[in-house]
Amino acid sequence: MGVMPWSAERAAELIEQYRSQAGACLPILHALQEEFGHVPAAAVPLVAEALNLSRAEVHGVVSFYHDFRKTAPGRHVLKLCRAEACQAMGADKLAAQVKARFGIDFHDTSADGKLTLEPIFCLGNCACGPAAMLDERILGRVDLAKIETYLARHIAQERQS
């Protein structure tokens with residue numbers, strides 16, 4: 001996840017790149033989030049002005065769609081499946097354990113900035129529930145111990161880089 005620091009100039013470039021598309025608001029917001037790791041509050045007026053929308057309209061889009069983050073994520077993002085198949089395999093218990101272990105709720109980042117927890121509704125790995133995704137890697141039949149192991153590996157790999 002190569003997240004760049006906020007730059008109004010870079011945001012303007014991304015907005016310009018997508019503004020001529022029909023329904024440009026969503027593609028612009030996705031591009032901003034991909035570039036900066038979230039949709040910075042400072043980007044909302046830029047998007048609004050470029051698309052002739054109110055700031056409230058753009059903010060409403062960011063707030064409505066759960067995939068958009070308003071704050072920068074942790075160094076790692078853990079998405080826990082909340083769909084029915086995973087719930088039947090213990091996803092609710094797993095979510096409670098992860099929340100307790102890392103001291104965060106869904107849409108929060110741990111105090112040390114290492115982990116952001118997000119809900120996701122179906123990863124397409126229903127036969128291997130409960131399923132999760134750590135950064136971009138899909139995990140099956142996860143429990144708290146597996147999550148801790150995978151996270152420790154990711155952190156170790158960061159140190160080696």
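**Entry 1: α2 and α4**

Is the crossing of α2 and α4 right-handed or left-handed? I looked, and α2 crosses α4 in the right-handed sense. A crossing is right-handed if the near helix is turned clockwise from the far one, and left-handed if it is turned anticlockwise by less than a right angle.

I noted that this is a predicted model, where local features need pLDDT of at least 70, side-chain atom pairs count only at pLDDT 80 or more, and totals for chains, interfaces and linings use all residues. Residues are numbered from 1 along each chain as its sequence is written, and side-chain values use heavy atoms, with hydrogens and water left out.

Next I looked up the angle. The axes of α2 and α4 cross at roughly 65° and come within 11 Å. Axes are lines fitted to C-alpha atoms, for helices over the stretch in contact, and angles run from 0 to 180 degrees between N-to-C directions. The two helices are therefore roughly perpendicular (65 to 115 degrees). Helices are DSSP runs of H or I with at least four residues, strands are runs of E with at least two, and both are numbered from the N terminus.

Then I listed the residues. Cys25, Leu26 and Leu29 of α2 meet Val58, Val61 and Val62 of α4. Contact means heavy atoms within 4.5 Å. By class, this contact has six nonpolar, no polar and no charged residues. Nonpolar covers Ala, Val, Leu, Ile, Met, Phe, Trp, Tyr, Cys and Pro; charged covers Asp, Glu, Lys and Arg; the others, Gly among them, are polar.

**Entry 2: α1 and α3**

I turned to α1 (residues 8-18) and α3 (residues 43-51). Their axes come within 10 Å and cross at roughly 35°. This crossing is right-handed. Ala8, Ala11 and Ile15 in α1 meet Leu46, Val47 and Ala50 in α3.

**Entry 3: the core**

I checked the largest nonpolar core, which has 20 residues. Such a core is a set of buried Ala, Val, Leu, Ile, Met, Phe, Trp, Tyr and Cys residues joined through side-chain atoms within 4.5 Å. Ile28, Leu29, Leu32, Val47, Leu51 and Val58 touch the most other members. Helices α1, α2, α3 and α4 each supply at least two of its residues.

**Entry 4: Glu118**

I found Glu118 in strand β3 (residues 115-120). Glu118 counts as buried because its relative accessibility is 8%. Buried means under 20% relative accessible area, exposed over 50%, and partly exposed in between (1.4 Å probe, protein chains only). Leaving aside neighbours within four places in sequence, its contacts include Arg69, Lys79 and His107.

Note on methods. Angles under 35 degrees count as roughly parallel, over 145 as roughly antiparallel, 65 to 115 as roughly perpendicular and the rest as oblique.
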